[in-house]
Amino acid sequence: MEGVAMKLPSFKSLAPNAISIGHRSFSRVRRSSSLSVYSAAASSATISTDSESVSLGHRVRNDFRILHQEVNGSKLVYLDSAATSQKPAAVLDALQNYYEFYNSNVHRGIHYLSAKATDEFELARKKVARFINASDSREIVFTRNATEAINLVAYSWGLSNLKPGDEVILTVAEHHSCIVPWQIVSQKTGAVLKFVTLNEDEVPDIEKLREMISPKTKLVAVHHVSNVLASSLPIEEIVVWAHNVGAKVLVDACQSVPHMVVDVQKLNADFLVASSHKMCGPTGIGFLYGKSDLLHSMPPFLGGGEMISDVFLDHSTYAEPPSRFEAGTPAIGEAIALGAAVDYLSGIGMPKIHEYEVELGKYLYEKLSSLPDVRIYGPRPSESVHRGSLCSFNVEGLHPTDLATFLDQQHGVAIRSGHHCAQPLHRYLGVNASARASLYFYNTKEDVDSFIAALADTVSFFNSFK
Amino acid sequence: MAAAISSSCCASSLRLIPFKRTLFSSIHYPAKTLILRPLKPSEIPSFRRTIITFQKISTGIVPPPSASSSPSSSGDLQPIEELPPKLQEIVKLFQSVQEPKAKYEQLLFYGKNLKPLDSQFKTRENKVEGCVSQVWVRAFFDEQRNVVYEADSDSLLTKGLAALLVQGLSGRPVPEILRISPDFALLLGLQQSLTPSRSNGFLNMLKLMQKKALHLEVKGVEDSTSESSFVSTPEAKDEASVPEVDSESKPGLVEDLGTEKIDDTDSGSNGVALGSRGMRIRERLEEELNPVELEVEDVSYQHAGHAAVRGSAGDDGETHFNLRIVSDVFQGKSLVKRHRLIYDLLQEELKSGLHALSIVAKTPAEV
């Protein structure tokens, strides 16, 4: 790989595409204060110690103003993206733009503003559809978040398809949003919930899952990437096994869609949910992907305007999907901003983001596990096992809340402590709570170094009181 | 130590504690029979009938207007002098330490010296709600009826906070504890050092400690209530604080008082004639409780509106009654046990449409 020296008189005057030279080249960029970031830059994203090549994290940093601040007297190091991600300026601009220039209710009006709002809203839907390779944008239902999307499936599909004795397969590692709705619906319908436990690698046991699938199974609802264990499940295989017995599959893709290429055609899942706020989009919007014929067979979830066709006093007829499941005025600006987030991510390229995160995640894991008394949950990274870029861990003899508080107060490092909405999993692992550091493509190697140093300091502080 | 507090302080301190007696949740009670709820100043006298005497003593300290209101009041904070002495010391100590890290060290130091809590006390009732980590608090009286606390936590920082409270509040009498406003947390200067969720845990810890102090006090009151009437009974065997005495052991006393003519009117005090259910209730209670006084008042008309009454009342529309019973049978029984006794006697009625009872159950000595 050749390094190509470029003379860059004024970085700003260059068109984005002019930077890319060859497929995988280093662009030696002079780090000046006027360095602005072009997200369309095609240079490779590596965490090289070569100070002259810029990693993806460094390149995008300026797009995220929120990261440039001090908390409690230290530079902010944000390692909680699995809880919610930060938003680039482009997304914020899109939201502001909507409200400032063309805010209007969608699908209802005839006037100019409402037509424009409708166009942008539906364009956002198309962007999301393309992002996950859905075959039609009508297979995308906008919801408030992934939790609502799962509830939609539970109440709409679940209540009308589950009978007493039917089985729904979950794992013990599911997020509460993929456990509680099924509990509620199974109570109402008499269906039975079955849980797949973990194997010795601390990953849901795929063999057990396979064995559990039987003609009684009607639904398999599992995560794609675990928000605690950082493990991923082989969705394609699971779908094959499930479809063999006539069962449907719902994939909770909240921790995968933001971080890697997710192709619903390849996965062939029946339902897939994700949240906007974990993928650089605003809160208040998420989506459900559902296969077209499936959505057409489902009764409404919420009733109101938009989802109807004709309304009489004693009955109403319903609209076609996706409108059937989008009652009331949607989060229009947020949907449009989600579309902008999709554009932003696509501009960098999901394969690139994924590659960067695999490396950075591995670096985090290695540094973390080199500290004494640290126990990281989930599988060890290897050639065949790619962990997500997060680590849930515990330090022997220390409560995660103490860790997180001290890290925040003394070092400005933001991690999460608690059960991460996965109480059954923590119970299974035999702990009350854990700490979790999660990365996103705007984090850098320096972030990880700062975290590790701060953690070491924290541990020694508390240990001095033992 | 005399329980001397100003009535307004008492009432408003009690307001801090949302205390619910969930045992009685299914039964309607008129306000006057319930001891445990926030007391309005005018109702303080009801406590005088029991052991505690509240005297208004002018201490020369005028409580600031917002002293006992919500912790988040931005007005004047409760003056430090009103806090228990040990707590004052602790507050001053933390105020003298400026650097956050040093405050943490101080907190952890407290936690380290906290006496561990036996695991049998790590129960649900002793757990502090709203804490990110697990915190348990236990309270009991010492010989001087001061409250002693024990606490524990799995998180070191929370343990420090708990230790701080235990040290500051232990060995103090109930009214003093109840008077503490959470404002002092601001005085500690820890508020900034602690995330909101942890601060809430701190507030909840204090609330639980105050609630437990109050509970101890009230339970002590109830026990001593039965004690005082118990004293007059010759057959009394043990001086235990909650004696379980049933009516059979004191036949003599019952006979002495039982011959008093019972006001045997057919109508309740409001003039509504008792229907068949009312009569049945009266008969049953007379039979089983040998009351000195017995009033059965049919107040079903007051509840005629609500849906539960319509159609479900066993055809006679007799669904709500006020009962006033004075009987020796109640001696040695706590309020709970007295009411339970009455419900047990009226099981048939309760099953067949009797909807609710308001009960005043006293021993002759309490009247």
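This briefing walks through some helices, cores and individual residues of the structure above. The model is a predicted one. Chain A has 466 residues, of which 55% count as buried, and its secondary structure comes to 14 helices and 19 strands. Among the contacts in chain A with a separation of 6 or more, 68% are between residues 24 or more positions apart.

- Let us start with helix α3 of chain A, which runs over residues 112–131 and has 20 residues. From first C-alpha to last, α3(A) reaches 28 Å, close to the 28 Å expected at 1.5 Å a residue.
- The buried residues of α3(A) include A:Phe121, A:Val128 and A:Phe131, and also A:Arg125 and A:Lys127.
- What do the buried residues of α3(A) pack against? Their partners in chain A are the helices α2 (89–102), α10 (332–348) and α11 (350–369), together with the strands β6 (140–143) and β12 (286–290).
- Just after α3(A) comes A:Asn133, which takes a positive phi of about 60°.
- Helix α14 of chain A covers residues 445–463, and its 19 residues should span 27 Å at 1.5 Å a residue. The end C-alpha atoms of α14(A) are 27 Å apart, so the helix agrees with that expectation.
- Among the buried residues of α14(A) are A:Phe451, A:Ile452, A:Leu455, A:Phe461 and A:Phe462, as well as A:Asp447 and A:Thr458.

**A pair of packed helices**

- Two packed helices are described by the angle between their axes and the distance between the axes.
- For α2(A) and α10(A), the angle is about 145° and the axes are 8 Å apart. Their crossing is right-handed.
- On the α2(A) side, the residues that meet α10(A) include A:Leu95, A:Tyr98, A:Tyr99 and A:Tyr102. On the α10(A) side, those that meet α2(A) include A:Ile332, A:Glu334, A:Ile336 and A:Ala340.
- Sorted by class, this contact has 12 nonpolar residues, one polar and one charged.

**Nonpolar cores**

- The largest nonpolar core has 146 residues. Which of them touch the most other members? They are A:Leu272, A:Phe393, A:Phe441, A:Phe451 and B:Phe184.
- The largest share of this core comes from α10(A), with 11 residues.
- A second, separate core has 27 residues, including A:Ile150, A:Val153, A:Ala154 and A:Phe271.

- Is A:Leu295 buried or exposed? With a relative accessible area of 1%, A:Leu295 is buried.
- A:His296 has 38% relative accessibility, so this residue counts as partly exposed.
- Beyond four places in sequence, A:Leu295 touches residues including A:Arg138, A:Val141, A:Leu288 and A:Phe325. A:Leu295 and A:Val141 are 154 residues apart in sequence, but their C-alpha atoms are 9.4 Å apart in space.
- Counted in the same way, A:His296 touches A:Glu320, A:Pro321 and A:Arg324.
- A:His296 and A:Ala319 are 23 residues apart in sequence and 9.8 Å apart in space, C-alpha to C-alpha.

**Backbone features to look for**

- A cis peptide bond joins A:Pro321 and A:Pro322, with omega about 0°. A:Pro322 sits in the loop between β14 (316–318) and α10 of chain A.
- A:Asn72 is not a glycine, yet has a positive phi of about 50°. A:Asn72 lies in the loop between β3 (70–71) and β4 (74–75) of chain A, and at 42% relative accessibility counts as partly exposed.
- A:Cys280, also not a glycine, has a positive phi of about 70°. Its place is the loop between β11 (271–275) and β12 of chain A, and A:Cys280 is buried, with a relative accessible area of 0%.

**Buried residues in loops**

- A:Ser177 is found in the loop between β7 (167–171) and α5 (180–189) of chain A. A:Ser177 is buried at 10% relative accessible area, and touches A:Thr147 and A:Ile150, leaving aside residues up to four places away in sequence.
- Over in chain B, B:Asn126 is in the loop between α4 (100–112) and β1 (135–141). B:Asn126 has a relative accessible area of 8%, so this residue is buried.
- Leaving aside residues up to four places away in sequence, B:Asn126 touches residues including B:Phe121, B:Trp136, B:Leu208 and B:Lys212.

Notes:
Residues numbered from 1 in each chain as written. Chains lettered and ligands numbered in written order. Predicted model: local features only at pLDDT ≥ 70, side-chain atom pairs only at ≥ 80, totals over all residues. Heavy atoms only, no water. Helix = DSSP H or I, 4+ residues; strand = E, 2+ residues; numbered from the N terminus. Expected span 1.5 Å × (residues − 1). Buried < 20%, exposed > 50% of the residue type's maximum accessible area, 1.4 Å probe, protein only. Contact = heavy atoms within 4.5 Å. Axes fitted to C-alpha atoms, helices over the stretch in contact; angles between N-to-C directions. Left-handed = near helix turned anticlockwise from the far one by under 90°. Nonpolar A, V, L, I, M, F, W, Y, C, P; charged D, E, K, R; others polar. Core = buried A, V, L, I, M, F, W, Y, C linked by side-chain atoms within 4.5 Å.
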